[in-house]
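Please keep the sequence and the structure in view while reading.

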Amino acid sequence: MDNEKKISPAVINRLPRYYRYLGDLLESDITRISSKGLSAKMNITASQIRQDFNNFGGFGQQGYGYNVEYLYNEIKKILGLDKVYNMIVIGGGNIGQALVNYTNFEKRGFVIRAVFDVNPRLVGMIIRGVEIYDVDTMEEYVKNHDVDVAILTLPRTQAVKVANDLAKWGVKGMWNFSHVDLQVSDDVVVENVHLTDSLMALLYKINDMYGADDNLHHLSHDVPIEPRVREDKGKEE
């Protein structure tokens with residue numbers, strides 16, 4: 001791959017999807033596939049697939065298509081999944097604990113080594129072999145361990161300061177679940193994840209497809225109110 005070539009964010013965002021679908025093909029013992037065949041499975045045009053792969057050299061053979069295992073391994077290298085990444089979680093609440101319990105991370109080489117929290121009731125807890133430490137010990141831990149990625153699952157009021165501290169201590173990647181878009185130094189890569197954004201996009205599509213439904217729950221001053229009950233509800237046909 002030409003390291004000087006700038007790959008568009010749209011292509012980068014599709015790479016994990018390619019990797020996932022190719023993994024499914026391997027599990028189904030499919031050894032080769034055409035761009036047209038992959039297009040049918042992924043709902044991406046064959047032309048777009050070829051353009052995406054051409055950013056990295058192509059990978060296909062005229063008249064043969066793509067060798068699934070080879071393409072899978074090449075995308076794995078492009079994504080950096082041929083390495084092991086040490087991660088820490090800052091925030092040992094529900095989201096933080098759920099991430100620690102997600103075993104698929106380790107299958108991809110993402111290993112959570114420690115969790116940090118301010119709550120003394122959580123400090124000392126062991127989650128699937130990972131200990132929750134007092135946040136006051138985080139600086140010493142980061143400076144004495146190889147930390148590739150910090151996962152932030154703490155309130156937005158604390159996230160900015162913690163992110164800046166982590167950047168200062170040498171952490172180069174942050175996966176941010178806090179409800180704020182982090183702005184840190186240019187040499188730190190941040191992926192901001194807003195769970196409600198995805199849900200709101202889904203709900204927009206539902207309303208756009210089916211129209212407004214007065215029988216749905218509504219809000220009054222941000223508090224859900226009961227929906228109106230249809231007059232014919234409960235009547236026998």
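In which loop is Asp29 found? Asp29 lies in the loop between H1 and strand S1 (32-33). The model is predicted, so local features need pLDDT of at least 70 and side-chain atom pairs count only at pLDDT 80 or more, while totals for chains, interfaces and linings use all residues. Residues are numbered from 1 along each chain as its sequence is written, and side-chain values use heavy atoms, with hydrogens and water left out.

**Residues with positive phi**

- Asp29 is not a glycine, yet its phi is positive, at about 60°.
- With a relative accessible area of 67%, Asp29 is exposed (exposed means over 50%, buried under 20% and partly exposed in between, with a 1.4 Å probe and protein chains only).
- Arg128, also not a glycine, has a positive phi of about 50°.
- Arg128 is placed in the loop between strand S5 (126-127) and strand S6 (130-134), and it is partly exposed at 38% relative accessibility.
- Strands (E, at least two residues) and helices (H or I, at least four) are DSSP runs, numbered from the N terminus.

**Packing of H1 and H4**

- Helix H1 (residues 9-27) packs against helix H4 (residues 68-78) at an angle of about 145°, and their axes are 9 Å apart (axes are lines fitted to C-alpha atoms over the stretch in contact, and angles run from 0 to 180 degrees between N-to-C directions).
- Residues in the contact (heavy atoms within 4.5 Å) include Leu15, Tyr18 and Leu22 of H1 and Val68, Leu71 and Ile75 of H4.
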